[in-house]
Amino acid sequence: MIKKITQSITFFQEFFSTVFTGNSQNAINAIEVLLMLASGHIFDIFTPNQLVQILSIDKNKVYSAIKAWSVFLSRKLLFVTGCHIASILIKYAINKSPATLSRMRITLCVDDTVVDRAGKLISLTYNWFSGKHKKTVYGQNIIAITIKIGKRIIPLNVRPVGKQGRGNTSKPDIFRDMLHEVLDFFKQEGINLAQFPITFDSWYGSKKLVDMLSEEGFTQILIHAKGNYVFKIDGKKQKLSAHKKDIQFQQSAWGCKEIPTVRKSAESPTFGKVLLLFFKDGDRVHCIMVFGRKLRASEIMSIWKQHHSIECFWRRLKSDLQIHKVRMRDREGVYAMVGIKLVAYLLMEHLSSQTGLTFHQLKIQAKREIDICSFFSEHFHSFMVSKGL
């Protein structure tokens, strides 16, 4: 275990020293603290205060190092790190046989989540609709673009969202900026990311979004359809919620693993001509809108199953990494908080792929086999010796 952890930390140390080379000493110190805080999650150390208390180091110098991490550097961190790891995995995957590549089902997923906040002094906290609570709650909203490659879930770009400021604060526009950053990064790596499917929850559905993705070259665009959308199916025009009651399902569609499905061509006043796939999940009927290439029902189901991966990413951030426990006040602190949790996720995700253990199992084994103080003294020697920066 200790050997694999050391290899993972060394990988991130070398990567950050390369990407952020040329920055000030304060930024370099901030990278060191960032990696210390990320590594602490292996031992259930979720906040800077917990790390300070356990290691008996200078609290003020830890927070000074975090504050030196600007919003600009945090944004770079939040999309470059995941993209770098994903590019390595994709280059490895595309050299495999077509059958192996097909089984890996590489898929981009887009969604956002709300981190509940009770305090009013923390930046970027507003009223947002929460899918978990099924109502508007006070908290921080975070958008993510993830990619699922085989069993691995890698966040490509993550960004906290605000409702105030000089720039455009519309979530769809923020997503477009995030996507363009990601696409430009992969183009420089010689990878056409638009060759892979991309999935969205119903909140993101719009003609403007579909047109933008089509212009970028995406040919497999899947969006969960809202019940109040109006479609004309088999000559009958009504809301999707009404169509769901009239649909006759096929019980034995090829490749759908006995999930009742039916595939329909439809026309919408909003989206124009669109392909719809209805399927049952227990007693509930869901509908997926498909744009671009006409896909078979089995292909649509296979792609849409990957959308659950971004929910797994959010669950790990909230449950395994306890993102809500870090409460930094200013805007720079919010971005630093997300950066710490993102690096912690990528570190543990890498360990999980190497060991075959879940995040929870990793933490149990690490705490059983490794002495915390010795571990940090070995891997962050300069910091531990000086008890500060």
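**Exercise 1. Find the cavities of the whole structure and describe their linings.**

*Solution.* Start with the search, which finds two cavities of 30 Å³ or more in the whole structure. On a 1 Å grid over the protein atoms alone, a cavity is a set of points where a 1.4 Å probe fits but cannot get out, and lining residues have an atom within 4 Å of a point. Grid points are joined across faces, edges and corners, and a volume is the space filled by probe spheres set on the points. Keep in mind that this is a predicted model, where local features need pLDDT of at least 70, side-chain atom pairs count only at pLDDT 80 or more, and totals for chains, interfaces and linings use all residues. Residues are numbered from 1 along each chain as its sequence is written, and side-chain values use heavy atoms, with hydrogens and water left out.

Next, take the largest cavity, with about 80 Å³ of space. Its lining includes Ala30, Leu37, Trp69 and Ile340. Helices H2 (25-40), H4 (59-67) and H12 (331-355) each give at least two lining residues, and H2 has the largest share, four. Helices (H or I, at least four residues) and strands (E, at least two) are DSSP runs, numbered from the N terminus.

Now sort by class: Ala, Val, Leu, Ile, Met, Phe, Trp, Tyr, Cys and Pro count as nonpolar, Asp, Glu, Lys and Arg as charged, and the others, Gly among them, as polar. The lining of the largest cavity has nine nonpolar, no polar and no charged residues.

Finally, the second largest cavity holds about 40 Å³. Lys187, Asn192 and Glu216 are among its lining residues, which divide into five nonpolar, one polar and two charged.

**Exercise 2. Describe the largest pocket.**

*Solution.* A pocket is an open set of points with protein on both sides within 12 Å along at least five of seven lines. The largest one has about 1200 Å³ of space. Of its 36 lining residues, Asp111, Gly131, Lys134, Asp201 and Glu311 lie nearest the centre. Elements giving two or more residues to this lining include strand E2 (126-130) and helix H11 (308-320), while E1 supplies the largest share, six. By class, the lining of the largest pocket has 11 nonpolar, 11 polar and 14 charged residues.
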